[in-house]
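Please read it alongside the sequence and the structure shown here.

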Amino acid sequence: MIILPGPASLDLANNIMLELDARLVPVFYKKFPDGESSIRIDGNVNDEKVVIVQTTSPPQDERLMQLFLMASAAKDQGAKKIVAAIPYFAYSRQDKVFLPGEAFSAKIAVDILKACGVTQIITVNAHNPVTLNNFSIPIRDVSAISLLATHFRDQSFEDSVSLSVGKKGLAVAKEAATILKGPFDYIPTHRDRHTGEVSIESKPLKVDGKVTILFDDIISSGGTMIKAVFHAKKQGAKKVYVACVHPLLINNAKERIMQSGASGIVGTDTVPSSISDVSVAPAIAKALTE
Ligand code: R5P
């Protein structure tokens, strides 16, 4: 197995390689003055299973393009199988057509990857795992929630309340609670399909006097999480910690979440950031050996 480190995920690719004892073949990357990307695989991948590790957090279009180029180059060089390990999969939130006339962005990205020779995708905590069977190539979704929960458990956070932000994340809260050994629940959210605005729906939570950890797949602008922190605090939570898999952290989201009353915030290295204290390398490496 050969690991091709995409320019957006050099450290993670290296950590996955170490977990697997696989061979890493460097990829040279450059950007032309007009902004176009160029890549060159610096080694032989003929007849090999190739794993390209490339996250597609912002600038997502550029990073997707780099991924297409790497896959296509590996295919042209005779790779036997091409797995795209895409820790954060851009456009995955548009996993269906919500309003008439919208493009089905996630499907388009997957179809292009298939055309570039990708035979399988591995991603981490896809926005809505239920939709993953609807695509033209197999997508394996691995969860980083246990790794995040273990991070808290190792700091003596056992017995804390695990809450998902949004009902569809309840399975995430349950997964965390198996490690933290405390109760779990969800904070209901509603997204206005036209404005994109998220509101929190009122729901009594058993958090009074408790340390509470809020889990979400993505923190982008931080707006949703800020409202969730307020909601948990208003219901008497003693301390509120925040965990997310994909810390996009647009517009100082970390600072604004901390100012909203959170006592701490942690994310993973699917998106390298100042809070990426948990590595998903073991989870991706495990998926690659199964
Ligand atoms: C929504 O369904 C996701 O799970 C996140 O809650 C959302 O993407 C977070 O976005 P933002 O940080 O911009 O509120």
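A polar contact is here a pair of N or O atoms within 3.5 Å. In this predicted model, an oxygen atom of the ligand lies 2.8 Å from a polar backbone atom of S220. Taken alone, the ligand exposes 380 Å², and the protein buries 87% of that.

**Ligand site**

- The ligand sits in the largest pocket, and 13 residues surround the ligand, the closest being D216, D217, S221, G222 and T224.
- The side chain of D216 has an N or O atom 2.5 Å from an oxygen atom of the ligand, and a polar side-chain atom of T224 lies 2.5 Å from an oxygen atom of the ligand.
- Strand β13 (211-219) and helix α6 (223-234) each supply at least two residues of the shell around the ligand, with the largest share, four residues, coming from β13.
- By class, the shell around the ligand comprises two nonpolar, six polar and five charged residues.

**Cavities**

- The count comes to two cavities of 30 Å³ or more, and the largest cavity has a volume of about 90 Å³.
- Of the 13 residues that line the largest cavity, F89, S92, A106, L132 and F135 are the closest to its centre, while the lining divides into seven nonpolar, five polar and one charged.
- The second largest cavity holds about 40 Å³ of space, and its lining residues include Y88, F89, S92, I218 and H246.
- The lining of the second largest cavity has five nonpolar and five polar residues, with no charged residues.

Methods
Residues numbered from 1 in each chain as written. Predicted model: local features only at pLDDT ≥ 70, side-chain atom pairs only at ≥ 80, totals over all residues. Heavy atoms only, no water. Near = heavy atom within 4 Å. Polar contact = N/O pair within 3.5 Å; in protein donor to acceptor, adjacent residues only side chain to side chain. Areas by Shrake-Rupley, 256 points an atom, 1.4 Å probe, with all protein chains shown as cover. 1 Å grid on protein atoms, 1.4 Å probe; cavity = no way out; pocket = protein on both sides within 12 Å on 5 of 7 lines; lining within 4 Å. Sits in = over half its atoms within 2 Å of the grid points. Nonpolar A, V, L, I, M, F, W, Y, C, P; charged D, E, K, R; others polar. Points joined across faces, edges and corners; volume = space filled by probe spheres on them.
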